[in-house]
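Please consider the following note on the structure shown below. The points are arranged for a reader who is new to such models.

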Amino acid sequence: MNRFTLALSRGIARVTESALGPHQTAVIRIGFSATWLLFLLREFPHRQELYGPDGPWSRDLAEQLIGTNGAFTALMWFDGRVWFETVYALAVLASVLLLLGWRTRTMSVLFMAGVLSLQNRSVFMGDGGDNVLHLMSIYLVFTRCAQVWSLDARRAARARAARTRGERVTDRTGPALWAVLGCALLTVTLAGRMQGDWLIPALLWTVWTAQALWWLAGRRAGSGEPRIVLDVVADVVHNGALLVIMAEACLIYATAGWYKIQGSRWQDGTAVYYPLQLESFSPWPALADLLTASGTLVMLVTYGTVLVQVAFPFTLFNRRVKNVLLAVMIIEHAAIAVVLGLPFFSLAMIAADAVFLPTAFLRRLGSWAARARDRVPRRRAERVRVPGQRGRESPETTHVGFGA
């Protein structure tokens, strides 16, 4: 009983004292924001036909469907091309800022609103990758995904250093952004635009209120206890959302694998052959013909896909096996992106798989990226070195190279 109590107390302390998986959640943030951003940019010339007034799924049809399922979409608040272009531009901007990790809590909410607004406007334009992105955009709101590899993390480090030197740090951007978005949210709510299901409007108001409490706890409270309590709540919510993301990824692979087992084409080992023969999924016909020329290769890929998807949730308790299967699935999704011409589906699934990547690997990856970033100013400094000068650079050269 004492061992159980001790283990339980350790588990509670681990969940409440810190936000777990900071590198994994950062990769998820970067992966999904980059996936959505690339999709919006690629479809920019066709945006009107996909989600706008010129699409086959007209506004009247969208209103009828949304009236039935209560889905959230800001595109239905106002009519006209100007409002659509505004929402599309804000979706692009929110994706960029979330990718960079600037004001991540706010940008995650705007990112979610952009994803839901466009996808719920034309529900028949998506695929499996869109469904994953749809769910993950909601989960990201609950995570503290800017602890590393973000502008917020760099700003927090500079603020801590300034406080250590005895300087006063004042944040004006955050309150101003909170006030502007609060006014917009209040206006839309009072205008009766927040119709349909209550979940997303309630989430928007909850996050907006939580931001106010966070600011008051940090600026107005006489002691640090309110901020500590809010930190504990934020860590618990983050860890719960991280668990949900992991469970969602496992559920996707488990259900996909078990449904494949029930299919006759997957049972006889020929399922992979047929999509490669479809013109819509063969951007490289020569490559598709090369892969399907060998019946043995088709059978191995078919059975291997089912085996990996069914087995993956059961390998989470063994790190070595899990890492091997994770690498296989990432390679498989990369192959799907090239062979079947589904890059955004593959990027979304790879981003979801990132939650299981080892922390040591992600830290090593971050250090490689940091060293590569640091080499760029050095090379610039070498290019602007004064002719005939050797050894140590002059102050002007150093300033130009590292200040660029």
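1. A search of the whole structure finds one cavity of 30 Å³ or more. On a 1 Å grid over the protein atoms alone, a cavity is a set of points where a 1.4 Å probe fits but cannot get out. The largest cavity holds about 50 Å³ of space, a volume being the space filled by probe spheres set on the points, which are joined across faces, edges and corners.

2. The model is predicted: local features need pLDDT of at least 70, side-chain atom pairs count only at pLDDT 80 or more, and totals for chains, interfaces and linings use all residues. Residues are numbered from 1 along each chain as its sequence is written, and side-chain values use heavy atoms, with hydrogens and water left out.

3. Which residues line the largest cavity? They are Thr-35, Trp-36, Phe-39, Gly-129, Asp-130, Leu-133, Phe-344, Phe-345 and Ala-348, where a lining residue has an atom within 4 Å of a point. H2, H7 and helix H16 (343–353) are the elements that give two or more residues to this lining. By class, the lining has six nonpolar, two polar and one charged residues; Ala, Val, Leu, Ile, Met, Phe, Trp, Tyr, Cys and Pro count as nonpolar, Asp, Glu, Lys and Arg as charged, and the others, Gly among them, as polar.

4. The chain has 18 helices and zero strands. Helices (H or I, at least four residues) and strands (E, at least two) are DSSP runs, numbered from the N terminus. Of the 404 residues, 38% count as buried, meaning under 20% relative accessible area, with exposed over 50% and partly exposed in between (1.4 Å probe, protein chains only).

5. Helix H5 (residues 81–100) has 20 residues and should span 28 Å at 1.5 Å a residue; its end C-alpha atoms are 29 Å apart, which agrees. The expected span is 1.5 Å times one less than the number of residues. Among the buried residues of H5 are Phe-84, Tyr-88 and Leu-98. Their cover includes helix H2 (22–42), helix H3 (47–50), helix H6 (104–121) and helix H7 (128–141). Gly-101, which follows H5, has a positive phi, near 80 degrees.

6. Thr-68 and Gly-196 are 128 residues apart in sequence, yet 8.5 Å apart in space, C-alpha to C-alpha.

Key
Contact means heavy atoms within 4.5 Å. On a 1 Å grid over the protein atoms alone, a cavity is a set of points where a 1.4 Å probe fits but cannot get out, and a pocket is an open set with protein on both sides within 12 Å along at least five of seven lines; lining residues have an atom within 4 Å of a point.
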